[in-house]
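Okay, thanks for coming, everyone. Let me put the structure up and then we'll go through how the chains meet.

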2 protein chains.
Amino acid sequence: MVNKKKIVEVDENTEERILSAAKKVIFSKGYAGARMQDIADEAGINKALLHYYFRSKDKLFEMIFKEATGKLMPQISSIFRDPQLDIFAKIRAFCRSYIGTWMEQPYVPMFVLYEFHSNPNKGIAHLFDKEKFKPIREEVLSAFGTASKKKQIRPVDPYHLFLNMISLCLFPFMGSPVFKAVTGISDKQFDLMMQQRAHEVSEFIIESIKYRK
Amino acid sequence: MVNKKKIVEVDENTEERILSAAKKVIFSKGYAGARMQDIADEAGINKALLHYYFRSKDKLFEMIFKEATGKLMPQISSIFRDPQLDIFAKIRAFCRSYIGTWMEQPYVPMFVLYEFHSNPNKGIAHLFDKEKFKPIREEVLSAFGTASKKKQIRPVDPYHLFLNMISLCLFPFMGSPVFKAVTGISDKQFDLMMQQRAHEVSEFIIESIKYRK
DNA sequence: GTCTATAATTTGATAGAC
DNA sequence: GTCTATCAAATTATAGAC
């Protein structure tokens, strides 16, 4: 007997179709560049229905932006809190998890950072509240401090180290079009690079900071 | 006697005023988000005069974008070609020069990478031609290869290493608003970090790759 | 819920006086 | 060269039929 359910699942409901379409368009073109018409076309509906589901472009954007930012600092906290893992295992786990996330959604980092960069106001500032990230920040910094005291890593500025980790994992997804054009590597080659990159980056970091007598 | 010249110099000619204003607005808001009215206001003129000097928004954008991309891979080639410098001196010179450039124009990296990210078409693709960057690319990669052969640095994938260098120098200027919000550091503290960063990054890289028996 | 038609607003661009 | 006034097109948003 034919499984009807599967067909229905593929043809998701309208709200989900709109959200998918909106993400595709807005992630790619940004808020200012995205057109409601493009989103409607992508979803296979018309503009009126778009406004029926989401009152305005602003509301639609806020919803998408909020969800996207939620992914920016995900499992970091739990990884750095885990007492089972030494500092090197933490770094490896972070890079694997972080880069893996962006391989699945390579447009998200540029979208979030760009929108926040060009609209520090606009009612999205609260999503990056200092207090909200206090736990993560403190877990990471204290892990570095502890490892340094234990002479597992050399003395190093923890803020720069944190920034280095984020830079190495995040930037390739923001600079990929330019990097591809400049180096001349293909999309396929770039994907391969990203697959290696979690390992490459964590070893690069560890080689730099591990304690040597 | 009063020096009239100085006053005139401060009050630059209209074309330059427009270009300055356009950069300020477009770097910050991006092409799609920038408004001709905003640029006119910023320059202290009106829209009509804007179109008198630059035929269209597109022309204005192309001019600004072209100039900005010219700064993306600047002195890299000469640094990596210089036979006076060993690989470590090259890396230090690169970081110092590269980060110094962005400290003066912190909006440029995000602008260039974002526009190229969201408009791989639009007649700006040719500015990132593979052939154009061939010399730079080959200088850098061959410098790494040579240093590796001479056992000055450990064996390492040169493409990842190149990407690491760019990531560490460029990302902080793209992620600065989020980084400031998440860490809670002030603008002044962030500027201080960036002043240390050329040294911090080059030592971070060198510690990671220098050959050890 | 979904559509067509249309309103309302924004915005890039031009005409023409000075 | 610079301005005011205005146009034409694009774009968000709504009204109302089905």
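So, the copies meet through the same surface, because 100% of the interface residues of chain A are also interface residues in chain B. Contact here means heavy atoms within 4.5 Å, and 57 residues of chain A touch 57 residues of chain B.

Quick caveat: this is a predicted model, where local features need pLDDT of at least 70 and side-chain atom pairs count only at pLDDT 80 or more, while totals for chains, interfaces and linings use all residues. Side-chain values use heavy atoms, without hydrogens and water, residues are numbered from 1 along each chain as its sequence is written, and chains are lettered from A in the order in which they are written.

How are the two copies related? Rotate by 180°, with 0.0 Å of shift along the axis, and chain A lands on chain B with an RMSD of 0.1 Å (least squares on C-alpha atoms of residues with pLDDT of at least 70 in both). They are thus related as by a two-fold rotation axis. In chain A, the residue that comes closest to that axis is Ser208(A), its C-alpha at 1.9 Å.

Now the area: about 5,200 Å² is buried between chain A and chain B, with carbon and sulfur atoms giving 72%. That's accessible area (1.4 Å probe) that the two parts lose on being put together, summed over both. On chain A's side, His117(A), Phe171(A) and Phe204(A) supply 15%, more than any other three residues.

And salt bridges, meaning a Lys or Arg side-chain nitrogen within 4 Å of an Asp or Glu carboxyl oxygen? The count between the chains is 0.
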